[in-house]
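Student: Can we work through some salt bridges together? I would like to see how each answer is reached.

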Amino acid sequence: MNSRIRAIVPAAGLVLLAAVPLAAALLDQPFYLDLVRRIMIFAIAALSLNLILGYGGMISFGHAAYLGVGAYAVGVLAHYGINDGYLQWALAIGASALVALAIGAISIRTSGVYFIMITLAFTQMLYYLGISIEEYGGDDGMRLQVKSQFPGLIDLNDANAFYYLVLAILVLALFLGQRLVDSRFGMVIRAAKSNEVRTRSIGFSPYPYRLAAFVIAGAVCGLAGALLVNHTAYLTPEFMNWTRSGELMFMVILGGMESIAGPVLGAFALLLLEDALSGWTQHWQLVLGPLLVLSVLFLKRGLAGLVFAKNE
Amino acid sequence: MNRTLLEVRGLRKSFGALLASDDVDLEVLEGETHAIIGPNGAGKTTLISQLAGNLFPDRGRVLFAGEDITALSAPARARRGFARSFQITSIYPDFTALENVMLAVQAHSGSSFRFWRPAREEPSLRSAASAILEEVGLGGRSGVLAANLAHGEQRALEIATALATRPRLLLLDEPVAGMGVEETQRMIALLSFLKGGKTLILVEHDMDAVFSLADRISVLVYGRIIATGAPEEIRANPEVRRAYLGEEVAA
Ligand SMILES: Nc1ncnc2c1ncn2[C@@H]1O[C@H](COP(=O)(O)OP(=O)(O)OP(=O)(O)O)[C@@H](O)[C@H]1O
Ligand SMILES: [Mg+2]
């Protein structure tokens, strides 16, 4: 029964997501296509954060940094007339991985509140850097004149094609994420979260594993940043705002940290709710806040805990 | 049997004004079971922690198989053959018993920078871990979450985890602490089964366990080793009786 639900829910979710472009076309509501695509991009970002937050126990309060780095990698290349998508996205992933390596190498040496503050501080630095570079629009950001070009493969100006690309990347990220957390590597980062002293005592030094996880998470989030800037066709330092990092954390916690799919549920719940409430009242944040507090208090394992059965 | 495996020289550790290890010298022979006894707060756990690399001494040296390991971290010592159990059970509560042990096997069998294949599907990890769970009497409990095991079972699981690293030296900090009579008997049986094949350092308050298992005993009082010797020598040592053993031995 439980294992059946476990098999049915993701399949049903996938069918629903795949049907969105059709439904949006039938209802003549292209807005929904746009909304769900945006949510899926954030779901990829939240999923990447969950690798380190949920599975690794590293409370990174600066994950939006990699959304920003990925977005700027695409935006800056485009600014200089380089529109090749492969190059742009490779740079988005590579630069995010490098930034994560630098930030992780320092912050993972600390723990607890210090870790939270250091990851936040680094992200704020990048945020202010974004604001200060006039060449790239400073505070205002800049338009992405031309979307990433993948000649012969896909045209991102085709809303449906772009949608399915994002969906495919999300599914791939879910699949690879599951492989990762079940692998030897995944077992070590989960173990280090569960009981660091025990983990050291059996012979693992957690640092290199944590750092590798941090870099992988940053790289995947960088890809989400590349998607996001193509989605909005606009780039601003706000991508790296600390409130963004907070939102990503919320998606993870709301969705559930103990499963790979949890943050995806969290992203959908948070952003759909945000959308519905903001259409209803301009004081929507006053409603959203308490709802989030309640969900944290009463859904110990997040939305995923409602949907999926617990192991054992 | 008479080669020195572990040698401790002039180990000193203070916490503020408190001297928890006061020039400790200790020699542990290959294959022996060496018990460390002493009253509460004598510094037994502090000593074990310095041996395992969880805590670093202010002064003194630790030599393992002739190598100076004083500056090595706990993981580095674990890779050289140290394994420890903690006074307060230290396991992965949210992993199953089998996963707890498999992880320890994994730590000593090849690289863990492997990202693709599910670890739980590696037959070599599974079979090695299952065999060890069998050995400590948890064969039927392998699928149970460690958090849901009984206290005695959790202690046995911790020993299994230590064994899974195929250690040369096993450091056990009060393995029967908090156990009922029956559980204690079972743990003593397990330890006497292990003993001989392995070198053991056993910290224990339970004198039945100590005198039935130990080849030699060191007595630690206020951070100092006041005597080391065979069980009957320790039993007869007047200083030891005065400082610590008195009541229990007389009873
Ligand atoms: N991290 C620490 N900071 C300060 N004092 C400590 C610390 N660890 C231990 N102590 C003190 O050092 C002394 C020795 O402690 P330790 O835990 O080694 O004793 P023990 O012999 O293991 O005692 P028990 O039989 O109760 O387990 C105690 O007085 C304890 O309070
Ligand atoms: Mg102690």
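Student: Which side chain meets B:Glu67 in a salt bridge?
Tutor: The model is predicted, so local features need pLDDT of at least 70 and side-chain atom pairs 80 or more, while totals for chains, interfaces and linings use all residues; side-chain values use heavy atoms, without hydrogens and water. Residues are numbered from 1 along each chain as its sequence is written, with chains lettered from A and ligands numbered from 1 in the order written. A salt bridge needs a side-chain nitrogen of Lys or Arg within 4 Å of a carboxyl oxygen of Asp or Glu. At 3.0 Å, N to O, the partner of B:Glu67 is B:Arg80.

Student: Where do B:Glu67 and B:Arg80 lie, and how many residues apart are they?
Tutor: Helices (H or I, at least four residues) and strands (E, at least two) are DSSP runs, numbered from the N terminus. B:Glu67 is in strand β5 (residues 67-68) of chain B and B:Arg80 is in helix α2 of chain B. The pair links distant parts of the chain, and the separation is 13 residues.

Student: Is B:Glu67 buried or partly exposed?
Tutor: Buried means under 20% relative accessible area, exposed over 50%, and partly exposed in between (1.4 Å probe, protein chains only). B:Glu67 has 34%. That makes B:Glu67 partly exposed.

Student: Why does the salt bridge of B:Asp215 and B:Lys195 tie together separate parts of the sequence?
Tutor: Their side chains meet at 2.9 Å, N to O. B:Asp215 lies in the loop between α7 (207-213) and β9 (216-221) of chain B, and B:Lys195 in the loop between α6 (181-194) and β8 (199-203) of chain B, so the parts they tie are apart in sequence by 20 residues.

Student: Which residue of chain A pairs with B:Arg120?
Tutor: Side chains of opposite charge can pair when their charged atoms come close. Here the N to O distance is 3.1 Å. B:Arg120 sits in the loop between α3 and α4 (123-135) of chain B, and its partner in helix α6 (residues 159-182) of chain A. That partner is A:Asp182.

Student: Is A:Asp182 buried or exposed?
Tutor: B:Arg120 is partly exposed, at 38%. A:Asp182 has 12% relative accessibility. So A:Asp182 counts as buried.

Student: How many salt bridges are there between chain B and chain A?
Tutor: Over all chains, the search finds 22 salt bridges. One that crosses between chains joins A:Asp182 to B:Arg120. The count between chain B and chain A is three.
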